[in-house]
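The entries follow in the order I made them.

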Amino acid sequence: MAGSDDARLPKQVGEPAPHHSAPATVRRRELLIAVSTLAAFFGLPAAARSQVALSSAIDPGAFRELTGILTGMSPSDATLSELFLQAFSADAADLGKLHAIVTEQPETEWDSAIVSAGLKPLSESLIKAWYTGSIMHGSEERVLTYLDAFVWHACGYTKPPTRCDTNFGAWANAPPPGRFSE
């Protein structure tokens with residue numbers, strides 16, 4: 001049989017076979033150790049650094065509680081809360097301070113404590129983000145949610161145009177009595 005295997009056989013009886021090395025196999029454990037060593041050597045990427053800072057400053061449960069206290073509403077979805085928490089990860093330490101103020105002090109002292117701690121812009125940004133569903137990302141606005149923005153719940157008489165809880169065309173009819181007050 002002639003073929004590629006014949007090339008590896010010695011041509012004559014005393015001649016050594018050509019040297020071919022088998023491809024190296026890397027085990028999963030060895031790969032993980034190598035990657036983690038490289039990560040430690042070059043430093044953690046920015047996303048990982050923000051996660052480490054985030055975990056030491058405010059946890060997702062405290063962030064949901066802070067959101068509820070500041071906005072008067074709670075996120076309907078835990079993943080949405082995590083998305084907002086990631087969006088504010090650069091301010092994680094300050095979010096922790098803000099949470100401490102609103103949970104440890106009487107409500108009558110919140111405004112002055114937030115202002116004196118320099119957290120008023122952050123608290124306003126957080127409230128605005130939840131109500132509009134978007135944040136400023138550099139010079140551009142980044143939409144985190146449209147359908148679950150708090151503004152739809154705050155209005156009471158409307159909903160996002162893509163959500164329908166009635167029959168097609170129901171928007172053309174007057175709202176039922178008592179649906180909202182004037």
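**Entry 1: a helix pair**

I began with the contact between two helices: on the H3 side I listed Ala-62, Phe-63, Glu-65, Leu-66, Ile-69 and Leu-70, and these meet Leu-95, Leu-98, His-99, Val-102 and Thr-103 of H5. I sorted the residues of this contact into eight nonpolar, two polar and one charged. I noted that the model is predicted.

Next I looked up the geometry. Two packed helices are described by the angle between their axes and the distance between the axes. For H3 (residues 60-71) and H5 (residues 92-104) I found an angle of about 55° and axes 10 Å apart. H3 and H5 are therefore oblique to each other. I recorded their crossing as left-handed.

**Entry 2: salt bridges**

How many salt bridges does the structure hold? I found two.

One joins Lys-97 to Asp-94, with the closest N and O atoms 3.6 Å apart. I placed both Lys-97 and Asp-94 in helix H5, three residues apart, which is about one turn of the helix.

Lys-120 has a relative accessible area of 41% and is partly exposed. Glu-124, at 45%, is partly exposed as well.

Conventions. Residues are numbered from 1 along each chain as its sequence is written. This is a predicted model: local features need pLDDT of at least 70, side-chain atom pairs count only at pLDDT 80 or more; totals for chains, interfaces and linings use all residues. Side-chain values use heavy atoms; hydrogens and water are left out. Axes are lines fitted to C-alpha atoms, for helices over the stretch in contact, and angles run from 0 to 180 degrees between N-to-C directions. Helices (H or I, at least four residues) and strands (E, at least two) are DSSP runs, numbered from the N terminus. Angles under 35 degrees count as roughly parallel, over 145 as roughly antiparallel, 65 to 115 as roughly perpendicular and the rest as oblique. A crossing is left-handed if the near helix is turned anticlockwise from the far one by less than a right angle, and right-handed if clockwise. Contact means heavy atoms within 4.5 Å. Ala, Val, Leu, Ile, Met, Phe, Trp, Tyr, Cys and Pro count as nonpolar, Asp, Glu, Lys and Arg as charged, and the others, Gly among them, as polar. A salt bridge is a side-chain nitrogen of Lys or Arg within 4 Å of a carboxyl oxygen of Asp or Glu. Buried means under 20% relative accessible area, exposed over 50%, partly exposed in between (1.4 Å probe, protein chains only).
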